[in-house]
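The following exercises concern one protein model.

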Amino acid sequence: MKSATANHFKILIVEDEEKISDIVRLYLEREGYAVKLAGDGAAALKFLKDKYDLVILDLMLPDMDGEAVCAAIREFSDIPIIMLTAKSSEDDRVAGLGLGADDYVVKPFSPRELVARVKAQLRRSSPSVKKTMSFNKGMLVINTATMEITKNRKIILLTSTEFRILLHMAERPQMVFSRAQLVNLVQGYDFEGYDRVIDAHIKNIRQKIEDDSHKPLFVKTVHGAGYKFIGSLDA
Ligand code: CA
């Protein structure tokens, strides 16, 4: 993202530890972002009545936990949310993302890394984002505007559900998604037997885009956790 456009973005940092929020604010302001601080969840929800472009949300807040704040934000907004947490196990990561956070940074983190994540999220949510994503040197191309997929330049027909699942994972390479998350994120609600429903969709996607479903280049099974997209995005 050009720095000339960066100062149009407003970022809300929700964190009660001033040492952390001050340094994050410093780094973001240096990039040209407008930054506001909220010391607790109630203040954050109040500030978010105004327009912001991204929220950095600490998990441990004095009045309510970050997960509850995240869930409350998701009731009225799809703003990108990056969670800060001291928990680092993959289960916590998956749980946090299941609540609708877009990314997760584990404390202690480098402010530079956080800034890079912020930029990535703003790029994704920006309407000027590239409409085509190409992976593994053009082997797989996803066109988000036409909902068209090509594999080795041949058009692959996916159902709209298969397309949404694949796109959701491909936009976040290497991130693990549980089956419950894929159902929640794609359909917006839970229903009985979702594990098998998701597995069936993944199987179909693999049959269409993988050369060998047992050695997938794109959609990998993470045992006990779910699935992740492992294709590498072309520059
Ligand atoms: Ca805190």
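**Exercise 1.** Against which strands and which helix do the buried residues of helix 6 pack?

*Solution.* This is a predicted model, in which local features need pLDDT of at least 70 and side-chain atom pairs count only at pLDDT 80 or more, while totals for chains, interfaces and linings use all residues. Residues are numbered from 1 along each chain as its sequence is written, and side-chain values use heavy atoms, with hydrogens and water left out.

Step 1. Identify the buried residues (under 20% relative accessible area, with a 1.4 Å probe and protein chains only; exposed is over 50%, partly exposed in between). In helix 6 they are P111, L114, V115, V118, Q121 and L122. Helices are DSSP runs of H or I with at least four residues, and strands are runs of E with at least two, numbered from the N terminus.

Step 2. Look down the axis of helix 6: the buried residues fall within an arc of 125°, so they line one face of the helix. The arc is that of the directions from the helix axis to the C-beta atoms.

Step 3. Find the contacts (heavy atoms within 4.5 Å). The buried residues of helix 6 pack against strand 1 (10–14), strand 3 (54–58), strand 4 (81–85), strand 5 (103–106) and helix 2 (18–30).

**Exercise 2.** Determine which residues of helix 2 are buried and which are exposed on its other side.

*Solution.* Step 1. The buried residues of helix 2 are I20, S21, V24, Y27 and L28. Seen down the axis of helix 2, they fall within an arc of 130°, so they line one face.

Step 1. On the other side of helix 2, E18, K19 and R30 are exposed.

Step 2. The buried residues of helix 2 pack against strand 1, strand 2 (34–38), strand 3 and helix 6.

**Exercise 3.** Describe how helix 7 and helix 9 are arranged relative to each other.

*Solution.* Step 1. The axes of helix 7 and helix 9 (residues 194–209) come within 10 Å and cross at roughly 85°. Axes are lines fitted to C-alpha atoms, for helices over the stretch in contact, and angles run from 0 to 180 degrees between N-to-C directions.

Step 1. Helix 7 and helix 9 are therefore roughly perpendicular to each other (65 to 115 degrees; under 35 is roughly parallel, over 145 roughly antiparallel, and the rest oblique).

Step 2. T161, E162, I165, L166 and M169 in helix 7 meet I198, H201, I202, N204, I205, K208 and I209 in helix 9.
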